[in-house]
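Biologist: Please take a close look at one part of this model and describe how its elements are arranged. I would welcome the cut-offs behind each term.

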Amino acid sequence: MNNIEELMGKTEAILFASGEPVALDRIAHVLGIRTYAVEEISASLQKKYNKPESGVHLLLLDGSAQFCTNPAFIEPVRETLDLKRNTPLSQAAMEVLAVVAYNQPVTKAFVEQVRGVDCSGVVGSLVQKGLLEERGRLELPGRPLLYGTTENFLRCFQLGSIDQLPPPPGGESEEEESDGSGEEPPGEYTERDQTSF
């Protein structure tokens, strides 16, 4: 076994044993190599695993990696492990996610202004599901909370980073709001994978 094969095996073992996303720089530190080498190893592992017939896929998530079930095979996994099917996100939840994802960090008031309806319950539900998180407070009277998407959001929608979001339809965004956000949310946001919650 050459050194590259050994490093690939060690990286694979770390990711398999974790079950959660593992930071690539953490793996690099443990293996005594540079982060770019772990990035190359992870890309090689993706080529090895991310095939239609493979039962597991490797997700690269904004500086971390995680093994997951191939979405094509989720039904037999659910049936075997007696996993409950999660209720798909409502249209309102998808709209709130889109507004936050394209404009983050944003306040609940900004989301409500864009959507034209109260979003307290939806925002709370998305925080509870781990798709949104608090990102501090805005320096304005009342110091409203700022929200952004989470690593779980990236994992559920199979995105490596927030930069991989498709461009919003409609071209130019509206005038920037006072909280520094301004892009108009997309009219349609496709749900790709809701198997992790």
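Modeller: The account below moves from the sheet to the helices and then to the aromatic rings.

This is a predicted model, in which local features need pLDDT of at least 70 and side-chain atom pairs count only at pLDDT 80 or more, while totals for chains, interfaces and linings use all residues. Residues are numbered from 1 along each chain as its sequence is written, and side-chain values use heavy atoms, with hydrogens and water left out.

Helices (H or I, at least four residues) and strands (E, at least two) are DSSP runs, numbered from the N terminus. Three strands make up an open sheet in the order 1-3-2, with antiparallel pairing. Strand 1 (22-23) and strand 2 are its edge strands, each pairing on one side only. Two strands count as paired if DSSP finds at least two bridges between them; strand 2 (residues 56-60) and strand 3 (residues 64-69) are joined by five. Along this antiparallel pair, V56 stands opposite T69, and L58 stands opposite F67. The two strands form a hairpin with three residues between them, and D62 in the turn has a positive phi of about 45 degrees.

Helix 3 lies across strand 2 and strand 3, running at about 150 degrees to strand 2. Axes are lines fitted to C-alpha atoms, for helices over the stretch in contact, and angles run from 0 to 180 degrees between N-to-C directions.

Helix 3 (residues 35-49) also packs with helix 2 (residues 24-31), at an angle of about 110 degrees and with the axes 8 Å apart. The two helices are therefore roughly perpendicular, a term covering 65 to 115 degrees. In contact (heavy atoms within 4.5 Å), L24, D25, I27 and A28 of helix 2 meet T35, V38, E39 and S42 of helix 3. Of these residues, four are nonpolar, two polar and two charged.

Rings of Phe, Tyr and Trp (its six-membered ring) pair if their centres lie within 6.5 Å; planes under 30 degrees apart count as stacked, over 60 as edge-to-face and the rest as tilted. By this rule there are two aromatic pairs. The ring centres of Y49 and F67 lie 5.1 Å apart with the planes at 75 degrees, so this pair is edge-to-face. The pair links distant parts of the chain, Y49 in helix 3 and F67 in strand 3, 18 residues apart. Y49, at 16% relative accessibility, counts as buried, and F67 is likewise buried at 15%; buried means under 20% relative accessible area, with a 1.4 Å probe and protein chains only.

Methods
Angles under 35 degrees count as roughly parallel, over 145 as roughly antiparallel, 65 to 115 as roughly perpendicular and the rest as oblique. Ala, Val, Leu, Ile, Met, Phe, Trp, Tyr, Cys and Pro count as nonpolar, Asp, Glu, Lys and Arg as charged, and the others, Gly among them, as polar. Buried means under 20% relative accessible area, exposed over 50%, partly exposed in between (1.4 Å probe, protein chains only).
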